[in-house]
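Hello! Here are a few notes to go with the model you sent over. Please have it open while you read.

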Amino acid sequence: MPVLDREPSRDSGGGDGLPKLPLPALKDTLDMYLSCMKHLLTEEQFNKTQNVVKQFGAPGGVGELLQSKLMERRENKANWVYEYWMNDMYLNNRLALPVNSSPVMVFPLQHFRAPIDSLRFAAHMISGVLEYKTLLDSRSLPVDYARGQLAGTPLCMEQYYRLFTSYRLPGTERDTLVAQESSVMPEPEHIIVACKNQFFVLDVVINFRRLTERDLLTQLDKITRMADSKEEHLPPIGLLTSDGRTEWAQARSELMRESTNRDALDMIERCMCLVCLDDPSGPELSDTTRAMLMLHGGGVAKNGGNRWYDKPMQFVVGADGCCGVVCEHSAFEGIVLVQCTEYLLKYMIGSPSKLVRAASVSELPAPRRLRWKCSPEIHQLLASSADKLQRQVKNLDMNVYRFCDYGKEFIKKQKMSPDAYIQVALQLAFYRCHSRPVSTYESASIRRFKQGRVDNIRSATPEALTFVKAMTGGKLRTSDTEKMELLRDAITAQTKYTILSITGMAIDNHLLGLRELAHELKMEKPEIFQDEAFLVSNQFILSTSQVPTTVEMFCCYGPVVPNGYGACYNPQSDHIIFSVSSFLDSPQTCSAEFVKCLVQGLMDIGDLCNKCNSSSNTTQKKQGQTLETHTQTETNWQSKTPQRPADKTESQQSLPQFVLKTPDQTKVEAQTQTPSLAETHALKNGSKS
């Protein structure tokens, strides 16, 4: 039997009154594991795996011992998987953060007529950040509640309180997530502004008074003038943070030899956030180009050194209108990034800036440039970091595509979950490209539980494979009615697994816990975790995430394995934005080809629904009314109330580029996250993503 809390227990830090994460029964997880893997393995591989799993789960065997120890751990910890998951998903991962780990939100292209306009935008945004931080500091942020099947369940809010008070400290073997939670330590009262690869301290509270927007503009203007001084220019130290985590840890140790550098690092590590004032990047600023520029800054020649990747929030304001947010992912999930960013953009629309010019007051102390003393070793490390970042820039194959033939409203009319529908379309796209199914990752929020982060929805279901084979069968003719039944079966299977995941009963966290406990107990690694099937199961060639927004913007991230795809999507009422990434040096992948197959698949499934719509029976109609959308986005897709068209007047204020949706649409609780990238090491160490 799974282990559940009958009564919610209480703790501090945003999880008050929430139940503990349940522990699934060992037999349930092992049975589900076999079910998830059978169609992804050869018959020979599966037979071997079946025997290995049977041996692991045998009465009195290793599995039962580890399960009993996991039950003890559950009793003694607020969340039995949290530390294991955090280390495995993020802190043990040695890959560089840009592209590999840090997701980004890309804002609509802004149209700045003069340089001062971009500074006004930045000052306005900083003002919004300070407003949002006031809500956090006073614990006034409303609690999030789950929607859909388990509507009304409160969700853990802990992640919000790490937004502006945490830092990812590099380590030679494992990073540390540093959170300033002590009441003794003062809250950060400064931000760091990056401009022309230089870093400046901008105090946002001076003499116990918070700076006004006009003051902020004055200080930003001073910073840009200081950054223009060529004589004062220092090496682009930010490049070191774009390197692999072990390399950056070693470089940081070298920097720490000098007290000047220690002071500079301390100011950055304790700041609230970064604001990166970027130089223009080039003439072509399509969605795809802006996505790439947000992910890596365009490398050394552009704004690649104008970053500090260890900070959770970096707000990028480009002089050419290329704007967005770069997020260090270990501190929080996508819901926090979306909710915070939407608050800021709505703040900027709802309180139009009345700034005419910067204040001429001279009593404000000038912002301080951070100084660095660089040894020859540091210069060598900078050259190496720059070279590696440049290789990443050249290797990223990004394709942002707006599918405009239909959106989530059409899908809801079919009585289907938009997310499950899109997941099945992604399976069809991959199968069309590669003629095989692969392990697929889709993040699912487990914030219903204390310290809840995510588990994995395994979207490559047997039912999805049956459907995609029917759609690509060639000579094997399947009638439209049969295809429609198979589509509904695939969507039902996807939604059922989703519900298992969001209620803490999926398999990935459980298997991770068993594996890590065996390591902790210094046992020989159980064969189940050395078996080829386990390696295959954790190599997520297709890594997906739904990140819906109610403000016009989109999210993207890189692939999690060298031969894989990152596929992020944002379903809107009448269109869907897809951000597909892969690596150019992989002969097996091509983002443009994947998008082409995805579009064809969406058109084919849409046509199938239109053909069969009139013959939908009552049973099918009931299907969409009892299941919930899932991932970190638990939306009211099953609502029968049609949504009103977007109120265009809302968007015609100071920032017309940001489009606000209607109140009906803001019911969507955007809880999807971008998956992180520890799974890249799966083949090397049997790691769970």
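**Notes on the model**

1. Thr550 counts as buried because its relative accessibility is 6% (buried means under 20% relative accessible area, with a 1.4 Å probe and protein chains only). A word on the source: this is a predicted model, where local features need pLDDT of at least 70 and side-chain atom pairs count only at pLDDT 80 or more, while totals for chains, interfaces and linings use all residues. Residues are numbered from 1 along each chain as its sequence is written, and side-chain values use heavy atoms, leaving out hydrogens and water.

2. You will find Thr550 in the loop between β15 (542-546) and β16 (554-556); strands are DSSP runs of E, at least two residues, and helices are runs of H or I, at least four, numbered from the N terminus. Its side chain makes a polar contact with the side chain of Lys346 (3.0 Å); such a contact is a pair of N or O atoms within 3.5 Å, where within protein one must be able to donate a hydrogen and the other to accept it, and residues adjacent in sequence count only if both atoms are side-chain atoms.

3. Gln572 lies 22 residues from Thr550 in sequence, and their C-alpha atoms are 8.3 Å apart.

4. Now to helix α6 (residues 213-227): its 15 residues should span 21 Å at 1.5 Å a residue, and the end C-alpha atoms agree, being 21 Å apart (the expected span is 1.5 Å times one less than the number of residues).

5. Since 11 of those 15 residues are buried, α6 is largely enclosed by the rest of the structure. Among the buried residues are Glu213, Leu216, Gln219 and Ala227.

Definitions and conventions: Buried < 20%, exposed > 50% of the residue type's maximum accessible area, 1.4 Å probe, protein only.
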